[in-house]
Amino acid sequence: MADKKITALAAATSTTTADIAHLVTAVSTNPQNKKITVANFWNKIPGFIGFADIETKTGAGAISIATTLTALISEGAIANQLADGIQSQLKVIVFITDGGTSTLTPATMNDGTTLAFEDAGDAAMLMWIGAAGWAVISQAGPGTPGAGPTVA
Amino acid sequence: MADKKVTALTAATASDVADLAHIITDVATGATNKKITVANFLNKIPGFIGFSDTPQTVTNATAINITGTLGLLVTTTASAPAIANGVQGQIKVLVAITISGTSTVTPATMNDGTSLAFAAAADAAILMYIGASGWAPISIAGAGTPGAGPTIA
């Protein structure tokens with residue numbers, strides 16, 4: 001194949017586990033170009049995972065589905081919304097300042113309609129599970145075990 | 001551009017969703033060089049996510065590391081292991097394995113709280129570092145009735 005810039009290549013818009021990426025290993029000692037399957041890349045992450053994006057949402061309105069983490073601040077009782085996501089998308093919401101209950105209403109929610117964040121520290125993790133909508137897969141909050149946002 | 005080794009390229013220390021990576025698709029049938037945005041690479045992971053780093057066994061008051069994903073809590077006496085500040089969006093998983101004395105995990109900075117008390121084996125928590133507010137428990141779990149798990153104080 002003639003030399004070609006990466007920007008000139010056809011675009012893949014998703015991957016399969018068998019796809020191959022380019023990796024340089026042993027960087028500090030003996031750098032070597034290697035291929036790695038997407039499966040091995042994701043199945044054996046050598047360190048922790050971090051998300052550089054964060055939305056600080058103050059007051060009522062829609063919460064972003066473009067960021068993983070939303071730090072939620074209320075200034076009175078407020079209503080927040082969450083649009084539909086994409087397959088298996090994870091969304092983390094942490095209520096960091098309690099000025100009144102935040103009632104979050106996803107556009108589509110699995111077995112429920114709202115999450116009420118009532119106390120600072122309430123947190124929830126949601127996963128978009130497809131047509132059934134956002135599923136609450138984790139809740140946490142300060143105080144006794146079982147604390148956290150109320151799912152209704 | 002003249003040929004250059006990858007190791008000779010300028011280093012990116014973070015990526016943007018619009019950045020491009022090089023990928024080879026259809027490996028078994030008709031291997032094809034393609035570009036893929038970081039967004040598409042991360043938003044459509046084709047398999048599970050796993051962590052190959054060795055879990056840290058946190059015995060008694062040993063400081064919990066912030067370089068690994070998973071910490072396994074073991075106590076022979078009541079203890080208070082510390083955890084330093086993380087980086088934006090970092091996820092840390094803590095699981096109590098053997099508890100003979102409550103393990104009171106005390107983050108250097110914690111969102112709306114000061115500690116998590118792991119009083120029973122199987123108590124577990126997922127923490128996310130949410131920036132200046134510190135470590136936020138985003139999941140707690142434990143054996144027994146729903147709502148079991150470490151107590152946040």
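This is a predicted model: local features need pLDDT of at least 70, side-chain atom pairs count only at pLDDT 80 or more; totals for chains, interfaces and linings use all residues.
Residues are numbered from 1 along each chain as its sequence is written, and chains are lettered from A in the order in which they are written. Local features need pLDDT of at least 70, side-chain atom pairs count only at pLDDT 80 or more, and totals for chains, interfaces and linings use all residues.

**Stop 1: the interface.** Select the side of chain B that touches chain A. Here 56 residues of chain B are in contact with 52 residues of chain A (C-beta atoms, placed from the backbone, within 7 Å). Strand 1 of chain B gives the largest share, 6 residues. Strands are DSSP runs of E, at least two residues, numbered from the N terminus. Colour this side by class: 27 nonpolar, 24 polar and 5 charged residues. Asp, Glu, Lys and Arg count as charged; Ala, Val, Leu, Ile, Met, Phe, Trp, Tyr, Cys and Pro as nonpolar; the others, Gly among them, as polar.

**Stop 2: the strand pair.** Select strand 1 (residues 20-25) of chain A and strand 1 of chain B. They pair in the antiparallel sense over 2 bridges (pairing needs at least two DSSP bridges). Find A:Ile20; B:Ile24 stands opposite.

**Stop 3: the loops.** Move to A:Ala26, in the loop between strand 1 and strand 2 (32-37) of chain A. Its phi is positive, near 45°. A:Ala26 is exposed, with 10 other C-beta atoms within 10 Å. Now select B:Asp26, in the loop between strand 1 and strand 2 of chain B. Phi of B:Asp26 is also positive, about 50°. B:Asp26 is partly exposed, with 13 other C-beta atoms within 10 Å. Exposed means 12 or fewer such atoms, buried 20 or more, and partly exposed in between. Most residues other than glycine have a negative phi.

Terms used. Two residues are in contact if their C-beta atoms, placed from the backbone, lie within 7 Å. Helices (H or I, at least four residues) and strands (E, at least two) are DSSP runs, numbered from the N terminus.
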